[in-house]
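Please read these notes with the model open beside you.

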Amino acid sequence: MNAASTARLLLRIVAGLALLAGTVWMVGPRKLLDAVTRVDAQVLAAALALSICSNIASAHRWAMIARALGLDAPGNRLVPMYARGITSNILLPGATLSGDMLRAYELSRLGNPLLESSVSVAFDRFSGLWTLCVLSFAASSAAWFAGFALATGAHGREVLATYGALLAAIVAGPFVPWPAGILRHLPIKAGARLADLWDRFRDPATGLRRRLARSLGPSLLVQILSASALACCARSLDVQVPWLLLVAAAAPIFVTAALPVGVAGFGTRELAAAAVLGAAGVGTDQAVATGLLYGVLGVIQGVLAAPLFLVRR
């Protein structure tokens, strides 16, 4: 690792810690500690179980995507790879980026091309985030039609409608005909191979689009489980907000946690939780504590998966 890479790495760590420290300071450490100490252990245990099920389903979704791309990806091999990726996420900076890089490398060790292995991980991540936006859009739309209002004064329903429109624009993004031909002119060797893969995806004769589309069902299940785990974290803190609004709030919380800043999403996730859950009427201390608890679920799973690094691969 050269000096520039080391500097960027340290910058991400410092930025994540600064965001987390600033959020805790904004709430007040004592107030936040009081909120966490009142947690309902049984409800939090349910959140952990839902999160574990979500990650197991995520591993099988990744295996499905990899096989659709023609890679050798047995599910019984990819589940431990995915678990080791979770451990990497809590140990190394870059949120989910470090774990994704490890997954791509380990998949290539099965005899698969590294580029296609990386594409399978990237599409797996994209599939998860896109279906998350679909789920939050559906929840926010249902909340709007049900007459729910945000705690933002007289314009609460307008804010909810604007938020839903933003999610709708994101959901529509993959259907926009992007100029993929520019990939062939990128000054990297992989550009042409990525363009060829994109052409395969767009060509109905290859069936690649149809095979990849089959992963959307499992991906939706993953996000329902993850959003339900987040809702359980909130419930364990006695947050009295409709489940639909908690699911609607999941998209910005999870997306910001995936940004390559800090470690394991701490800092960005709590800041987003304070913003979106606060708009739903949740106290800042409970909102930040909800984000922290969800992050702790990932840490627990990373610790549980750590012994898998000792298993002969």
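**Notes on helix packing, cores and selected residues**

1. The axes of α3 and helix α4 (residues 75-91) cross at roughly 125° and come within 9 Å. Axes here are lines fitted to C-alpha atoms, for helices over the stretch in contact, with angles from 0 to 180 degrees between N-to-C directions. That makes α3 oblique to α4; angles under 35 degrees count as roughly parallel, over 145 as roughly antiparallel, 65 to 115 as roughly perpendicular, and the rest as oblique. The crossing of α3 and α4 is right-handed: a crossing is right-handed if the near helix is turned clockwise from the far one by less than a right angle, and left-handed if anticlockwise.

2. This is a predicted model, in which local features need pLDDT of at least 70 and side-chain atom pairs count only at pLDDT 80 or more, while totals for chains, interfaces and linings use all residues. Residues are numbered from 1 along each chain as its sequence is written, and side-chain values use heavy atoms, with hydrogens and water left out. Helices (H or I, at least four residues) and strands (E, at least two) are DSSP runs, numbered from the N terminus.

3. Which residues make the contact of α3 with α4? From α3 come N55, S58, A59, H60, W62, A63 and R67. From α4 come G75, L78, V79, M81, Y82 and I86. Contact means heavy atoms within 4.5 Å. These residues divide into 8 nonpolar, 4 polar and 1 charged. Ala, Val, Leu, Ile, Met, Phe, Trp, Tyr, Cys and Pro count as nonpolar, Asp, Glu, Lys and Arg as charged, and the others, Gly among them, as polar.

4. Now take α3 against α6. They pack at an angle of about 125°, with axes 9 Å apart. They are therefore oblique to each other. Their crossing is right-handed. On the α3 side, S58, R61, W62, I65 and A66 make the contact. On the α6 side, S120, V121, F123, D124, S127 and G128 do.

5. The largest nonpolar core has 40 residues. Such a core is a set of buried Ala, Val, Leu, Ile, Met, Phe, Trp, Tyr and Cys residues joined through side-chain atoms within 4.5 Å. V241, I253, F254, L277 and Y294 touch the most other members. Elements giving two or more residues include α3 (41-68), α6 (114-145), α13 (268-279) and α14 (284-305). The top contributor is α10, with 7 residues. Another core, of 21 residues, lies apart from it; A68, L78, A104 and L115 are among them.

6. Look at I253. Leaving out residues up to four places away in sequence, I253 touches L230, R269, A272, A273, V276 and L277.

7. L48 is in helix α3. L48 and L297 are 249 residues apart in sequence, yet 5.8 Å apart in space, C-alpha to C-alpha. Not counting residues up to four places away in sequence, L48 touches L297, I300 and Q301.

8. Buried means under 20% relative accessible area, exposed over 50%, and partly exposed in between (1.4 Å probe, protein chains only). Beyond residues up to four places away in sequence, S136 touches Y163, L167, V247, A248, A250 and A251.

9. D238 sits in the loop between α10 (216-236) and α11 (243-248). D238 has a positive phi of about 65°, although it is not a glycine. D238 counts as exposed, at 52% relative accessibility.
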